[in-house]
Structures are given as structure tokens and as C-alpha cells.
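Please look over this model with me.

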Amino acid sequence: MSPVLATTSLRKRFGGITATDDVSLDVAAHEVHALIGPNGAGKSTLIGQLAGTLRPDGGTILCNGLDVTHMPAHKRVAHGLARSYQITSTFRGLTVLDNLVLAVQATAGSSFRFWRPASAEASLYDRAREVAALVDLSAREDVLVDHLSHGEERQLEVGLALASRPRVLLLDEPMAGMGKEESARMLHLIERLRSSTTVLLVEHDMAAVFRLADRITVLVYGRVIASGKPDEIRRDREVREAYLGAAAS
Amino acid sequence: MKLGATWWFGIVAVVLLVLLPPIASFTQQEFYIGVATRVLAYAIAVSSLNLVLGHGGMLSLAQGSLLGAGAYTTAILTVEATKDVTFLPGATSAWITWPAAMLVGALLGLAIASISLRTRAIFFLMITLAFNQMLYYLFFSMKVYGGDDGLGMAARSDLLPGLALENDTVFFYVALALFAIFTFVQHRLVHSRFGRVLEGIRINEPRMQALGFDTYRYKLVCFAIGGAGSGLAGALLVNKNLFVSPGLLDWLQSGTLLVMTILGGVGQLWGGLLGAAAYLVIEELLSAYTQRWQIGLGVALIAVTLYAPRGLGALFVPRRP
Amino acid sequence: MNIRTALLAALALASTPPWAADKITIGFLTTRTGPLSGISGEKLEGFQLYLKTTGGKLGRLPVEVIVADDQNNPDAGRQAFERLAKRDRVDVLTGIMFSNVILSVAPAAVQSKILFINSNVQPSELAGERCNPYIFNTAYQSDDTDEAVGRYVTERAHKNVALLAPNFPAGRDHLNGFKRAYKGAIAVEILPRVGQLDFSVEIAQIRAAKPDAVFVFLFGGMAVNFVKQYAQAGLAKEIPLYGAASTLEEDVLRGAGESALGMVSASNWNADLDNPANKRFVALHEKEYKRRPSLYSFQGWDTAALLDAAVKDVDGKIENREAFRAALRKASFSSARGPFKFGPNQVPIQDWYARRVEKDAQGQVVNRYLHTVVRGHADAYASQCKM
Amino acid sequence: MLFLEQTLNALQLGLMLFLIAAGLTLVFGIMDLVNLAHGSFYMLGAYVAATVAAKSGSFAAAFLVALAAAAGVGMLVEWLLLRRVYGRGHLSQVLVTFALILIANETVRWIWGANPIDMGVPRSLAGSVALAPGLSYSEYRLAIIVAGLALAAALFWMVNCTRLGIWIRAGASNRDMARALGVDTSRLFTLVFGLGAALSAFAGAMLGPILSVQVGMGEAIIILAFVVVVIGGIGSVRGALLGSIVVAAVDTYGRAFLPSALGAFLPLDIATHLGPGLSQVSIFVLMAAILFFRPRGLMPATG
């Protein structure tokens with residue numbers, strides 16, 4: 001089955017540093033593909049190029065067979081690609097529901113409508129409440145984003161990405177800065193996503209990675225040093241040397 | 001729907017304005033009808049800048065040139081109509097010249113924004129200033145339309161057979177009606193899907209792009225709508241004074257509009273009316289009593305900035321939810 | 001003084017019946033903020049100085065002067081005029097400085113039947129096809145001063161003159177006025193930007209064109225800048241500089257000081273004209289304000305003198321507009337500028353004098369009268385007026 | 001020969017613009033403060049220098065008093081008023097500084113009266129010197145160029161080689177980091193604002209003798225200064241120098257050669273009409289073009 005997302009010899013340099021060095025990666029449908037690597041390995045740069053906020057210097061990105069390499073970020077969402085941010089980026093001053101309505105509005109017809117109040121469009125609110133439920137925020141719909149806990153705001157972060165029913169979801173360290181119990185809830189949430197979408201997961205929490213990932217790709221200094229099933233990666237000598245060390249033994 | 005403070009304030013303001021002409025003519029002070037008409041014209045311009053700045057988050061110094069361009073459009077069309085040989089189709093009816101002024105304001109706004117939107121924050125302010133001055137010099141050197149001496153209009157645009165705009169009271173009520181319509185449209189706009197997207201862009205533009213919005217096009221359309229509003233205000237002003245001069249497009253005029261917007265309360269529905277009324281009434285009252293009135297105005301502006309940071313509008317209306 | 005009267009007027013007005021010519025109300029609309037408020041202030045001083053000599057009366061009518069600020073902006077000027085017309089119900093309007101405010105207010109004055117005595121430069125439109133019985137001018141039509149200088153420069157047998165005026169339509173009208181009277185060749189025509197600060201570029205162009213004289217139309221701050229820089233570039237001695245009346249007027253001399261020495265201009269009035277009316281005016285002005293009068297204070301004074309004579313002629317019955325207008329046209333008063341009468345378009349027919357900037361006995365930089373360039377000069381647009 | 005003279009003119013205008021723009025870009029870059037009233041210190045400097053020069057006759061005294069007065073007033077205004085609007089974003093700053101312009105103009109008119117006042121050229125620099133055969137250039141303008149260069153060098157030395165300079169550059173590139181590293185930003189801000197005011201006043205005092213010292217003279221030059229700051233890149237003194245030279249060159253050569261250049265292929269009367277008009281908007285077209293390609297100016301100080 002053709003991969004939902006595939007890159008071929010992707011390259012990106014910042015002055016002297018090669019942040020993405022000839023990366024070829026593919027993600028199959030309904031797969032949770034984890035991308036791991038030490039800090040500064042170029043994970044965020046890769047996500048940036050996939051999402052469209054960074055322009056690659058070379059190579060191509062295909063999403064469902066369509067070349068999106070140089071497509072602007074906002075157009076990629078229409079082709080089923082969505083992303084969440086490593087540093088939470090939501091709409092302060094608005095409620096959780098309003099945040100989600102905005103996200104839903106992006107892919108529910110044109111927003112160049114000037115007369116009818118958005119609050120009168122029930123379909124937007126229904127879909128928003130559906131997403132709120134998906135990310136366990138139903139109880140917090142009318143709370144201002146400013147008053148959410150860190151964990152809840154990370155859940156909203158994922159919710160905003162889910163609103164456009166993406167075929168491929170790029171999750172950039174969803175568990176970052178989370179306590180034990182919040183991580184468990186997020187892990188359970190990602191597991192539930194498997195049925196509806198494909199996930200490319202960037203994460204440091206090794207326990208979660210090995211629990212969730214169908215396949216793992218390891219990135220060091222911008223280069224892919226290994227890619228395969230979790231057990232293969234656990235035993236791979238080169239990976240252990242470069243990165244896992246004690247954790248994997 | 002429970003009427004929020006905004007609506008109560010609105011109703012009181014409109015009722016007061018409706019009663020103004022009868023009170024003024026009773027006390028033989030018809031002069032203040034003219035003052036109120038000018039405040040309403042400026043209120044429309046300030047409300048459209050409020051849309052661009054308050055909801056679109058764009059700090060623009062080009063509104064003066066758009067207002068002036070609208071005024072010139074109406075004046076030129078009216079003057080051309082009276083000339084026998086002319087290459088431009090002239091018209092004296094308000095139903096043609098006023099929408100034409102709005103169209104010119106919108107198109108110029110579109111042109112200016114299409115280039116200026118490549119920049120951010122303070123650079124956007126400066127590039128809109130650049131375009132403002134280009135338009136200023138354009139009208140300044142157009143000898144055929146009076147150049148710096150300005151252009152006069154023989155008579156006010158004709159609206160309806162029965163409704164002669166020459167009568168100041170009639171003209172006042174037309175201006176009031178236009179202001180009320182404009183404010184209602186602005187209210188609908190702000191709460192429409194388009195308005196919601198603008199608000200999202202103002203709070204967190206990168207995220208809106210990640211959600212799939214082409215933010216550039218939304219800000220462009222917002223700036224054009226602001227331009228149309230300014231064009232309408234220009235048409236009203238030229239009709240009130242039967243005269244327009246390049247001075248109306250100068251950057252100091254754009255600066256004054258910006259000051260009125262901030263004074264009235266950025267993002268407040270009634271900010272336009274409050275800002276325009278406060279500035280022009282202070283100017284009118286103080287200048288009658290002392291030659292040093294600009295010091296009074298300066299002190300008043302500083303006081304508002306320090307003690308009513310979100311502008312006069314915010315004093316009546318609680319912080320938005 | 002005038003602030004208090006403004007308050008009194010507003011109160012008194014609300015009660016008095018609409019028409020009782022027991023006094024004459026003058027609306028003095030002028031620029032009181034911004035860089036050019038100095039010279040407009042002097043116009044008011046001249047006007048009020050004359051009223052002092054008549055004990056606050058014109059003819060037998062007590063006078064009430066209401067001052068308003070047009071901020072040198074047609075939109076604000078229009079509103080200030082409407083306050084004078086509708087609330088203060090003035091009989092006569094005067095004092096406006098700038099042509100864009102004049103053109104904005106004149107039609108409204110005519111409409112509300114208020115006599116507009118423009119004591120400053122008359123734009124060509126109001127002297128020509130849009131002249132009107134309700135609009136009088138006591139100064140001169142804008143191009144007259146340039147024409148007079150053109151005549152004088154031709155007299156002085158200059159053959160190759162460089163011209164300079166700000167790049168706006170009125171600026172080019174002034175240059176055309178000069179060309180009407182000047183018979184020689186034009187070395188170069190330079191149009192700097194309005195409000196320009198540094199003229200080094202233009203002065204270099206003048207030097208390169210090697211003219212035998214330079215004619216400049218500038219006013220206010222721009223005139224001060226140019227005169228200073230022209231002298232410093234060492235050109236003042238090599239190439240004589242001729243200016244319009246406003247270019248070398250008292251305010252510019254105060255700002256430019258000795259750099260203006262030797263420069264010649266043409267004006268319809270000068271402080272050292274020896275006729276009795278002028279001697280009395282200059283003496284009174286120096287006693288009252290401790291400085292020499294400028295063209296602008298003279299214009300204020302002369303306008304008051306004209307009104308005084310007209311009100312006497314109609315014996316105070318100014319409510320009869322036609323009679324009052326006819327009295328004004330007769331202008332039976334001795335003007336400080338010398339011979340004076342109105343042309344068909346109610347713009348003055350008068351003599352023009354050449355004057356040079358020199359140091360007087362007390363070392364002050366002043367304009368000294370040279371000789372009369374032309375007598376009984378009418379403006380070039382009078383023929384277009386079908387009043 | 002004319003080209004050489006125009007180049008000197010461009011250099012002189014450029015240096016004067018640099019003095020004003022340098023103060024503006026520092027205040028802008030470090031304090032993130034939009035100071036529309038920066039031109040008022042230029043005006044204050046000219047007025048104070050003119051008055052002191054007239055009374056004391058010595059230009060040196062006039063300059064020192066002008067600089068001290070401007071710096072003093074600048075620091076006072078910063079301490080009393082501007083300190084409260086730092087966090088408020090550009091909107092409130094535009095409003096407050098716009099109000100300051102109104103107050104400054106009226107106060108100057110109250111004290112010095114409404115007419116322009118005369119500031120003569122210092123006796124020793126009144127003449128003109130023959131730089132080359134047929135080219136005599138005003139001594140005073142040469143003095144302006146020399147003084148401008150000297151002050152520019154001093155400013156660069158201060159910014160690059162002194163402790164205060166390190167603070168300033170730190171503040172310009174990353175204000176929060178500088179504060180975290182123990183830079184007493186409140187004192188630094190007051191100092192920088194005073195320095196900016198003094199620089200602007202110095203330009204005012206220097207240009208006093210050749211320009212008209214009148215109310216509102218600040219507003220005419222402040223637009224040019226903002227154009228320079230934006231083209232050069234906010235917060236960078238080097239950018240301000242580059243920007244002021246570019247703007248001065250475009251303005252000077254535009255005014256000098258554009259009309260005659262147009263005359264080559266356009267009928268004469270259209271050229272004399274179009275040339276000045278085009279040169280009038282040349283600066284604004286330049287700024288729009290630069291911002292189009294480099295939305296943050298030529299040399300942004302990151303920050």
C-alpha cells in the first residue's frame with residue numbers, strides 16, 4: 001500500500017550546519033511512526049519542512065502521492081496534513097470551544113462570509129464538541145485557554161490539529177513537560193487516534209515511544225541511522241551506541 | 001438576547017444624536033448640527049480604521065490618503081458632470097459618486113495592502129506611511145484638479161428628489177443613518193466567520209496558518225473594507241465642506257485618525273464614534289478659548305493613555321469575554 | 001481682550017433680536033497654530049491697532065472682533081467659519097492667510113451674505129471668473145508682486161535669469177506672473193519640493209547655469225532657509241537675488257538676518273513710504289508693539305481703515321448690504337500704501353515699489369524703498385471677471 | 001564639477017540625518033519605543049543654541065548648553081512619562097509621543113514666540129573656500145561634514161568599544177536577555193533616551209544657521225529620520241549610517257539630476273513638471289521598494 005507520507009533525500013542547511021542530511025522516510029497508512037534522536041538531531045527542522053514552515057534546500061515530500069515540497073503551509077492542511085507544536089501555541093483570551101471552532105472553520109467551507117454570525121452555525125459547534133470529546137476536554141469547553149493546566153493545553157494543542165480530520169498528523173513532543181498521570185492520558189489518546197489517522201510522532205519519552213510505535217526512525221545529526229520495528233531498533237548496536245545506552249539494555 | 005452594555009451605550013448615543021438637531025435649532029445654535037455631521041463623518045473613517053487596527057491587528061498610516069482619495073473621487077465626478085467636454089463620465093447623484101468613492105477607497109486599500117502586508121508591525125506602519133505620502137503628492141501635483149489649492153464642488157450630491165442635502169439637518173440625518181448602518185454592518189462583520197478569523201489572526205497568526213487559513217488574503221480583504229469605509233467618510237466630508245484639498249491626505253491627518261482610534265478604544269464597536277467625538281469636541285471647545293489649545297489636547301491624550309489604557313470605549317464596556 | 005468678548009458675544013446673541021445694527025461684528029479667521037501662525041498674528045495686531053485709534057469703533061458703530069483658528073487646514077477652517085456665521089452671526093469676515101482656506105470658505109461666505117474682505121493674496125480664481133460682489137481684496141492678486149519684480153528686473157537690463165519657486169500649482173503661477181513682465185531669457189527653472197529644508201542642490205544648479213540674476217518666489221520658513229543658504233554659498237555678491245514681496249518680508253528678515261542684505265523685492269507697501277497715513281501707522285505700531293510693522297500688520301491696519309470709511313459713508317446702516325458694498329467699493333480713505341482704488345473685480349489698483357534690504361542707522365536689517373516700478377497697476381485677471 | 005558639489009551636499013545631508021536617525025534607532029531598538037517626538041529635541045537644540053549664541057556670542061557655549069538642555073529634558077520626559085508606556089506596545093507610544101509633539105510645539109511658541117528666529121553663521125566660518133578651481137563650497141557646510149564625521153566616529157567608538165556600548169548593543173539585540181544578565185535596564189533606558197535627545201539636539205544646533213529655526217521644524221525632518229531607521233534596520237547604528245547615506249544620495253541626486261535626465265527624452269515642459277514631482281516621492285518609493293524585498297530593513301540588529 002503506497003505510503004501516506006514519504007520524503008526522498010530531503011536536505012536543509014543553516015549556514016555551515018546540515019540540519020537535514022539526505023533523509024528518506026516513509027509513513028504507511030494508520031501507522032504510528034515514531035521519530036527519535038538526541039537533542040539537536042534535527043527532528044523539529046524535519047517537522048518544519050513537512051508542515052511547510054521551513055523550505056527544504058533539496059529533495060521532495062509526497063503526501064498521498066502529491067508533491068507538497070514547496071506548497072505553503074496553509075495549503076497542506078487541505079491535503080490532509082496537520083501538525084501540533086512543541087511549544088503550545090493556542091488562542092489566548094478565547095475559550096476552548098472557540099479555539100476548536102476556529103480550527104474547524106478552516107476546513108468547513110470558505111470563511112469569507114461577512115454577514116451570518118458564526119455562533120449561529122450549529123455544524124461548526126457540533127464538530128468542535130466532537131473534537132473536544134476526542135481529546136477529553138468536553139468538561140472544559142467554556143473555560144478560557146488562559147485558565148487551562150499545562151496538560152490540558154497540550155490536549156487542546158492536539159485537538160486543534162485533529163479538527164481538520166487530517167490523514168497525517170505530525171505530533172511534535174505531545175508529552176513534553178507532562179506529569180505521570182497526564183502522560184498516561186495523552187498516550188491513551190494517541191492510541192485511540194490510530195484508527196482514524198496516521199501519526200508521525202516526535203517524542204523523548206522512550207516508554208511511550210516503545211509502547212505506541214509500529215515503526216521507529218532514529219535521527220542523529222540530521223541523518224537517519226536506523227529505521228524499523230521497535231525490537232530491531234532496541235537491538236541495533238549503532239543506535240544503542242549513539243543514543244539509547246543503558247535504557248535499551 | 002440580553003442587551004450587553006455595548007448595546008445600551010449604542011441606543012443612548014443614537015437617541016441623543018437623533019434629538020440633537022431639534023434641540024440645536026430651538027436654541028438657535030444650528031452651528032452644532034454642522035459640527036455633529038463632521039463628527040459622524042470622522043466616526044465612520046475611525047470605525048473603518050478600528051476594523052483594520054482593532055480586528056485586523058494592522059497599524060496603518062494610510063487611512064488619511066484613502067479618505068482623501070474617496071473625497072477627491074466624489075468631487076472630480078461631480079465637477080466632471082458640470083463640464084461640457086469631458087473624457088470622464090461625470091455624475092452628481094450620490095447613488096453614483098458615493099459608492100464610487102468607496103470603490104476607489106477599497107481598490108487603493110487593496111493595492112497598498114498587497115505590497116505592505118509583506119512586512120510586520122512597525123515596518124507595516126512605515127510602508128503604509130510611504131504609500132500615504134505618494135498619494136498625497138499625486139493629488140498635490142494634479143494641476144487640472146486644483147493641485148494644492150484644492151477642488152471646490154458647486155453643490156452637494158443629490159440623493160432623492162424630496163431630500164435636498166443642502167439643508168444641514170437633512171444632511172445630518174443622512175450622515176447619522178449611514179453611520180448607524182456602517183456600525184451595524186461592522187457589528188455583523190466582527191461576529192461573522194470572517195470576523196472570527198481576523199480575531200484569530202490578531203491573537204496568533206502562525207497557528208492560524210498551520211490550521212489552514214491563508215491569513216494574507218483575509219488581512220487584504222479587511223484592509224480593503226477599511227478603505228471602502230474611509231472612502232465613504234471622504235465622500236461625506238467633501239459634501240459637507242463642498243471643498244477638498246490635498247491637506248486631507250497628509251500623513252498628519254492619518255496620524256490624527258490613528259490617535260482618534262486609540263483614544264476611542266481599539267477594537268471597541270463604539271470606539272470610532274467616541275474617539276472622533278472626543279478629539280473633535282476637545283479641539284472645538286479648547287480652540288474657542290485659548291490659542292494654546294494644543295497643549296490641552298496633548299495633556300488630555302496623555303491622561304487617556306495612562307488612566308484609560310484601552311481607550312474611552314472601555315470605560316463604559318466591561319472587558320470583552 | 002478678544003477672548004472675553006467672544007464669551008460675551010455668545011451670551012448676548014442668544015437673547016438679542018435678529019437685527020439691530022447697533023454694532024458691527026467682525027469675524028477674524030486666521031491661522032493660530034503651526035509654523036506660520038506668527039505672520040497671521042501680526043495681521044490681527046495691525047487690525048486691532050487701528051481700532052485703538054478710533055476707540056474700538058468703525059464709523060459710529062462699536063466693533064466686536066471674534067477671532068477663530070483655521071489651523072491652516074481647509075476642513076477645520078470651514079467649521080470655524082460656520083461658527084462665526086451661524087453662532088456669532090458676523091457681518092464681515094477677514095484675516096484668512098492661505099489660498100486653500102480662502103477657496104474653501106469664500107463660497108460659503110457668499111452664500112450666507114457675509115462680506116468677505118480678503119486682506120491677503122487673492123487667488124487667481126477669485127480675481128477672475130469666480131469673482132463676486134461679496135468678495136473684496138485689500139492686498140493684491142498673487143502674481144502682481146512677481147510681475148512688478150519682472151518689470152524691475154527688465155529695467156535693470158538683466159538678460160539671463162534663473163527662476164525658483166516651490167513645486168505646487170500656485171508656485172508655477174507666480175513664475176508665469178514674472179515671465180509676463182520680464183523680457184529676457186530664462187537660464188533655468190527650478191522647482192524644489194514644498195517644505196524643503198536644504199537648498200544646497202538647487203543653489204549648485206543655479207551656480208552651474210551662470211545666470212546674471214535669480215528670481216525666487218518663497219515664503220515663511222522656506223524663504224529663510226533659502227536666503228541664508230544662498231548668502232553662505234557666496235552667491236549673494238556674485239548673482240543679485242530678486243524676490244516676491246513675501247520672500248523678503250519682515251518675518252523673513254528677522255529669521256535670516258544679515259544674509260538678506262542687498263536682496264531686492266517689489267511690494268505694494270513698505271515701512272519707509274513717506275505719506276502721512278503710513279507715517280502715522282508706523283509710529284503708532286512701533287510705540288505699541290516695540291518693533292517695525294510688517295506687510296501683514298499693514299494689511300490688517302488698512303482693512304480696518306477701509307471698513308471705517310465705508311461704515312461712515314453709510315452712517316452706520318450696515319444692514320443695507322447694497323449700500324454698504326457700494327461704500328466699500330468707493331474706498332474713500334487714504335491708504336498707508338499711497339494711491340488706492342478698487343478694480344472691476346474688487347481687487348486693488350495700486351502702485352508697486354522696488355525695495356532693497358539694507359542696514360538702517362540703528363544697524364537693523366530693513367527694506368529700504370528704491371523707487372516706484374509701476375503706477376496704478378491692475379491685476380492680470382480683472383478682464384475675466386464679469387461682475 | 002557639479003557632481004562633486006552635489007556629492008558633498010549629499011554627504012552633508014546624510015551625516016545630519018545620521019545624527020538624528022542614530023538616536024532614533026537606538027531608542028527604537030533598545031527600548032522598543034516609537035518616538036514620534038524625537039524631532040522636538042532637534043527643534044529644542046536649534047532654539048537653545050540660537051538663543052545662547054545670540055547672548056554669549058560663542059558657538060561652543062551654545063552647543064554645550066543645547067546638548068545639556070536636550071539631554072536633561074529627554075531624561076526627565078523618559079523618567080516621568082515614557083517609563084510607564086514601555087510594556088504597552090506601539091499604540092500607546094504613538095499616542096503619547098504624538099501628544100508630546102503638540103505640547104513641545106506650543107511650549108516653544110509660548111517661550112520664543114511664533115516667528116522664526118535668526119541664528120547667524122559663526123563669524124569664523126562665514127566665508128566659502130575654493131576646494132577646486134571653480135568650486136567654492138561654504139566653509140560652514142564643510143564644518144558640518146567634519147563635525148558629523150567626528151560625532152559618527154565617536155558614536156561608533158562608544159557603541160563598539162565601551163562598557164556602555166556593550167550594554168546598548170546587548171539591549172538592542174535581546175532586551176530580556178540583557179536584563180537577565182544584570183543590565184540595569186531602567187538606568188540604561190534613561191541614559192539612552194538622553195543620548196538620543198542630545199544627538200538630535202546636536203543636529204538641530206548644527207543646522208540652525210542654515211535652516212529656519214521655527215516652530216514645528218522637527219516634524220519635517222522626523223519623517224526622513226524614520227525612513228532612514230526603517231531602511232537601515234531597527235536598532236543598528238551601522239544600519240542608520242547606511243540608511244542615511246542611501247536616503248541622502250537618492251534625495252540629492254534625484255533633485256539634482258532627475259529633471260535634466262528626464263529632459264533628455266521627454267519634452268522640456270513635462271520634464272520640469274514631472275522631475276520635481278518624481279523626486280518628491282523618490283524617498284518613499286525607495287523605502288517601499290526596500291521593505292518589499294527586505295521586510296526588516298537592510299541590517300536588522302536581530303533583537
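1. Helices (H or I, at least four residues) and strands (E, at least two) are DSSP runs, numbered from the N terminus.

2. Now the length of helix H10 (residues 237-265) of chain D. Its 29 residues should span 42 Å at 1.5 Å a residue, and the end C-alpha atoms are 41 Å apart, so the two agree. The expected span is 1.5 Å times one less than the number of residues.

3. A word on the source. This is a predicted model, where local features need pLDDT of at least 70, side-chain atom pairs count only at pLDDT 80 or more, and totals for chains, interfaces and linings use all residues. Residues are numbered from 1 along each chain as its sequence is written, while chains are lettered from A and ligands numbered from 1 in the order in which they are written.

4. How confident is the predictor in chain C, by mean pLDDT? The mean is 85, and 94% of the residues of chain C reach 70 or more. pLDDT is the predictor's confidence in each residue, from 0 to 100. Over residues 11-18 of chain C it stays under 50. Where pLDDT is low, the predicted coordinates should not be read in detail.

5. Next, chain C against chain D. The contact takes 32 residues from chain C and 35 residues from chain D. Two residues are in contact if their C-beta atoms, placed from the backbone, lie within 7 Å. H9(C) gives the most to the chain C side, with six residues.

6. Chain C also meets chain B: 24 residues of chain C are in contact with 27 residues of chain B. Here H3(C) gives the most to the chain C side, with eight residues.

7. Is Ile102(C) buried or exposed? Ile102(C) counts as buried because it has 27 C-beta neighbours inside 10 Å. The cut-offs are 20 or more other C-beta atoms within 10 Å for buried, 12 or fewer for exposed, and partly exposed in between, with C-beta atoms placed from the backbone. Ile102(C) is found in helix H4 of chain C. Not counting residues up to four places away in sequence, Ile102(C) touches Ile96(C), Asn118(C) and Pro123(C).

8. Finally, Arg60(C). With 11 C-beta neighbours inside 10 Å, Arg60(C) counts as exposed. Arg60(C) lies in the loop between strand E2 (57-58) and strand E3 (61-69) of chain C.
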